[in-house]
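Subject: Structure for your attention

Dear colleague,

Please find the structure below, together with its sequence. I would be grateful if you would look through it first and then read the findings that follow.

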Amino acid sequence: MYRYDQYDQQIVNERVAQYRDQVRRRLSNELAEEEFRPLRLQNGLYMQIHAYMLRIAVPYGLLSTTQLRMFAHIARKYDRDYGHFTTRQNIQFNWIKLEDTPDILADLASVEMHAIQTSGNCIRNITSDEFAGVAADEVVDPRPYAEILRQWSTFHPEFAYLPRKFKIAVSGAEEDRAAIAVHDIGLSVRKNTQGEVGFRVFVGGGLGRTPIIGKVICEFLPWQHVMTYIEAILRVYNQYGRRDNIYKARIKILVKALGIEEFKRQVENEWAALKDGAGTLTSEELNRVSSYFTAPAYENIADTDSGLTSFKSENKAFASWMQRNVKPHRIPSYAIVVLSLKKTGRAPGDASAEQMDAVADLADRFSFGELRITHKQNLVLTDVKQSDLITLWKIAAANNLASPNIGLLSDIISCPGAEFCTLANARSIPLAKVIAERFDSLDFQHDIGEIELNISGCMNACGHNSVGHIGITGVEKKDHEEWYQVSLGGSKGNESSIGKIIGPSFSFDQVPEVIERILQVYCRERIEAERFIDTVRRVGIKPFKESVYATEITDGQEDDVLAFKPAQYSEPLYSPRF
Amino acid sequence: MIIKNKTIVDDDWTILRLAQNETAKNVMVPAGKIIVPLKVWLEQREQLLDRNELGVWIASDERPEMLKDDLDKFTVIAVDFPKFSDGRGYSIAYYLRARFGYTGELRAIGDVLRDQMFYLQRVGFDAFAPRPDRNIQDALKGLTDFSEVYQASVDKKMPLFRRVQRNGNAVDN
Ligand code: SF4
């Protein structure tokens, strides 16, 4: 993975000093909260009622075990023994004291990390494919480009006060695992027929109140031009993006208002002045950065079965885990292992300090000391020998990290919701828990197969509800009760689509039954091994709608949902939307 | 007092802002060193051309192209930041310097605060009028927050990777 040189380290160290002084000025009231707010936000620090939440950047979701152990240390020393991995491949801590934040940043800087631009109206942490470098379907490794863009966007002087936040995602495989079509800019690294490397550039995608699939602004941008082209897009956006209405300030609204053709014309016009200029990427720089992303020293192992087949036949739990959580590696004697942070009863994406240490030990022992965070809020060990899988599985299971549910119903993406977020209309995590409990049977989940269920507590869609196969969103009602809207047919990746709302909203207690009915329709309608999303696409939402609303859904049922335990935290409130 | 070329200096320019009942056409531009709004320049160009020294300021929602052919008419061009979080002024400065080749004084006015100074200087501002309720000494410190930067802008014509020798991953086995 990338390692800091003296320049990277110096910039991060100077940031710590700068931020330490900002905090000092805030604490001494030299800075009003209103002025401090954008400063702390550009450093990932959100105000809560009783504490702060700090979001730390994990560039393109890749980290070393030293860095993960630092998270465990931060969780123990400054927080309440746990951290929360996010859909943007970062980590957040919920119980931070403002006074401690400069020291936390200094701790992070000692392991080549920071919290720069993890929030605020600036270019955010660049996200990428969690299987980059090892995926069997990879065309070009996106990580060097993600790192080059990380450096380019870090403290970019002109784009620190954009109309709104700005997210860039890069993917380099046949299958898009980075959801590039729902980012402000999505980059797909590819090769043209001559074998040259370049990008298909998407612009104006996004979730939130107005979910939009990004449009292609450039079919093939040769790799040298990636920074100048993005600079051109940002400059147009910085000047013409709306600043009068927070809900209309994202670039997607500008692209929509101008139309992609006119937007493209303006960008290309701006780009004409930059093309081939100083911002053009050189092969020396690309090679330098790429030199950090070489393959680890794989052992040359004959592709034998290592006893996996026989162990699988006698151990069903292991067999399910192999089926769901272990993915093919481009080297056949190795495997990619997904450690699930979605154990039923836990908040999706939460990991304790102890678990972080355990994962670090696993990665050191079995996966060259590195790991990834996925946008589905799980952890990945990318380079595990097939022959180590049984041992690894046993240790992972002992640490509650081996739920065999990757890509299944209980692999829920959920935003923090009403217990934490001031903007929420409804709770998210308790709903995720009730759903996971209702469908806890693994046999049932494996029968249903691949499905994505996403929950957001409001229209801001931090839980990516609009691209969930099943999307659940807390909606505003006059009575201030919790109501949820259900949508079907959303999807990210190669065939991105926005889900359609099936009809009037439901109460908290009705939602599990609604899902049950939806799944029944799927089981009735599916043709052979057709995936849920494919059935929805083929038959449309009508049969689902008919079934869901056919008879009244009584509240509560036999599930004692009202007795459901509240969150383990008392009342932190924050707004991840910013 | 303003900050100019990294030092605190006296300033004898007056910034003209239109009052409620004034228009760009009818406003009386006083004698002396005045920085007029872009609109006033456009409306009263003929009279203003007679002046020895003139400044103009541009609002964040106005276009720098409007000044493109007149850059040599001004001793100072100022860019107004109605709120420090309004980032359009950074691109305006970039255009004036990098695209139109303006070399005279470029001054940041309005909600100009210490923590924006570093970025402001990078996009070509060489003069700053920090918000009057703030300590100007303190604002000056904002110019030196970082000693190195990654990307090219007006201050550094080359990005870091073209300016210095950066070593890649040493193969150590
Ligand atoms: S703002 Fe985001 S985190 Fe908060 S409730 Fe809405 S979707 Fe959830």
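Between chain A and chain B, an area of about 4000 Å² is buried, and carbon and sulfur atoms give 51% of it. Of the area that chain A buries against chain B, 18% is supplied by Y7(A), P157(A) and Y161(A), more than by any other three residues. Please bear in mind that this is a predicted model.

The size of an interface is often given as the accessible area lost when the parts come together.

The rule finds 29 residue pairs in polar contact across the interface of chain A and chain B, with both residues at pLDDT 80 or more.

Eight salt bridges are found across the interface of chain A and chain B. In one salt bridge, the side chain of D8(A) meets that of R166(B), at 2.9 Å from N to O.

R114(B) lies in helix α3 of chain B, which covers residues 114-122. Is R114(B) buried or exposed? Its relative accessible area is 11%, and because buried means under 20%, R114(B) counts as buried. The side chain of R114(B) is joined to that of D21(A) by a polar contact of 2.9 Å. Leaving aside residues up to four places away in sequence, R114(B) touches D21(A) and R25(A) in chain A, and D138(B), A139(B), K141(B), G142(B) and D145(B) in chain B.

Finally, a word on the cysteines. How many disulfides does the rule count over all chains? The count comes to zero. C218(A) has a relative accessibility of 10%, which is under 20%, so C218(A) counts as buried. C415(A), with a relative accessible area of 9%, is buried by that cut-off as well.

A colleague

Key. Residues numbered from 1 in each chain as written. Chains lettered and ligands numbered in written order. Predicted model: local features only at pLDDT ≥ 70, side-chain atom pairs only at ≥ 80, totals over all residues. Heavy atoms only, no water. Buried area = accessible area lost by both parts, 1.4 Å probe. Salt bridge = Lys/Arg side-chain N within 4 Å of Asp/Glu carboxyl O. Polar contact = N/O pair within 3.5 Å; in protein donor to acceptor, adjacent residues only side chain to side chain. Disulfide = S-S within 2.5 Å. Buried < 20%, exposed > 50% of the residue type's maximum accessible area, 1.4 Å probe, protein only. Helix = DSSP H or I, 4+ residues; strand = E, 2+ residues; numbered from the N terminus. Contact = heavy atoms within 4.5 Å.
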